[in-house]
Amino acid sequence: MKRFISFEGIDGSGKSTVSKLVYKKLKSDGYDVIYTFEPTNSEIGVQVQKYIKEGADPFVISFTFIADRILHGKQIKKWLEKEKIVICDRYAESTYSYQGAQLKDIIKRPMSWLQDISENKIPIPDRTFLFIIDPEISVSRIKNRDYLIPFEKVSFLKKVQKNYLDLSVDKRFLKIDATKKIEEITKICYDDIMS
Ligand code: TYD
């Protein structure tokens, strides 16, 4: 059974819905499980949400996401030491993929740089579910939200998804076809956590 599980994918891919359903099923089956997410609701997490909306400098956004994660990672480590299952909606690969896309034409090899500065500072998930969807479809799913942040554009999300796919060569990732039915995806994730 897997203990630390992260859910990744572009905006509108459905990972938040599925991660919550997987959490509820684990809980109702009697497991000691925590649901958590990034950006967190700590002071730093709230700050980074403001930075995104304002369209702040991508380096400031990158460092703030990483700072939020280093603190979050310490909490996750404590939960894991208490033998809890931790379900995390967005984690390190969000920074590598989103800020990697933001920094693409600003520095050389931004994803490697973001990975290097995070190395050994955060716990690594046992499994990362990567929700794959055509950005045109994902944006059409979220277009009725009251407020769209600057990242929620097809052209940007295409770059983000390409970065996710480049990262997913690692065997920790399980790619999910996010156009499947929610119940079906939830079962795939649940069964995989159990195995
Ligand atoms: P999220 O809270 O998942 O948004 P929503 O629930 O509205 O889908 O994340 C907010 C945005 O922050 C989302 O567009 C992805 C982005 N993000 C990054 O750019 N880098 C990161 O490291 C993280 C965790 C999120």
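Modeller: A residue counts as buried when its relative accessible area is under 20%. The model discussed here is predicted.

Biologist: How many of the six residues of strand β4 are buried?

Modeller: Strand β4 spans residues 127-132. With the cut-off of under 20% relative accessible area, the strand is mostly covered, and the number of its buried residues is five.

Biologist: In what order do the five strands form the open sheet?

Modeller: Strand β1 (residues 4-9) pairs with β4 in the parallel sense over five bridges. β4 also pairs in the parallel sense with β5 (residues 173-177), over five bridges. Five bridges likewise join β2 to β3 (residues 85-89), and these two strands run parallel. The order of the open sheet is β2-β3-β1-β4-β5.

Biologist: Which strands stand at the edges of the sheet?

Modeller: The sheet is open and its pairing is parallel. An edge strand here has a single partner strand, so one side of it is left without a neighbour in the sheet. The strands at the edges are β2 (33-37) and β5.

Biologist: What does the twist average from one strand to the next?

Modeller: The five strands of the sheet pair in the parallel sense. From each strand to the next, the twist averages 20 degrees.

Biologist: Which residue in β4 is the bridge partner of Gly9?

Modeller: Individual bridges can be named at several places in the sheet. Phe37 stands opposite Asp89 in β3, and Ile132 stands opposite Asp177 in β5. For Gly9, the bridge partner in β4 is Phe131.

Biologist: Which strands does helix α7 touch where it packs on the sheet?

Modeller: Helix α4 packs on the sheet with contacts to β1, β4 and β5, and its direction makes about 20 degrees with that of β1. Helix α7 (residues 154-167) also packs on the sheet, at about 140 degrees to the direction of β4. The strands touched by α7 are β1, β4 and β5.

Biologist: Is α4 oblique or roughly antiparallel to α5?

Modeller: Helix α4 (residues 92-102) and helix α5 (residues 110-118) pack with their axes 8 Å apart, at an angle of about 140 degrees. Roughly antiparallel would require an angle over 145 degrees. The arrangement of α4 to α5 is therefore oblique.

Notes: Residues are numbered from 1 along each chain as its sequence is written. This is a predicted model: local features need pLDDT of at least 70, side-chain atom pairs count only at pLDDT 80 or more; totals for chains, interfaces and linings use all residues. Side-chain values use heavy atoms; hydrogens and water are left out. Axes are lines fitted to C-alpha atoms, for helices over the stretch in contact, and angles run from 0 to 180 degrees between N-to-C directions. Helices (H or I, at least four residues) and strands (E, at least two) are DSSP runs, numbered from the N terminus. Angles under 35 degrees count as roughly parallel, over 145 as roughly antiparallel, 65 to 115 as roughly perpendicular and the rest as oblique. Buried means under 20% relative accessible area, exposed over 50%, partly exposed in between (1.4 Å probe, protein chains only). Two strands pair if DSSP finds at least two bridges between them. Contact means heavy atoms within 4.5 Å.
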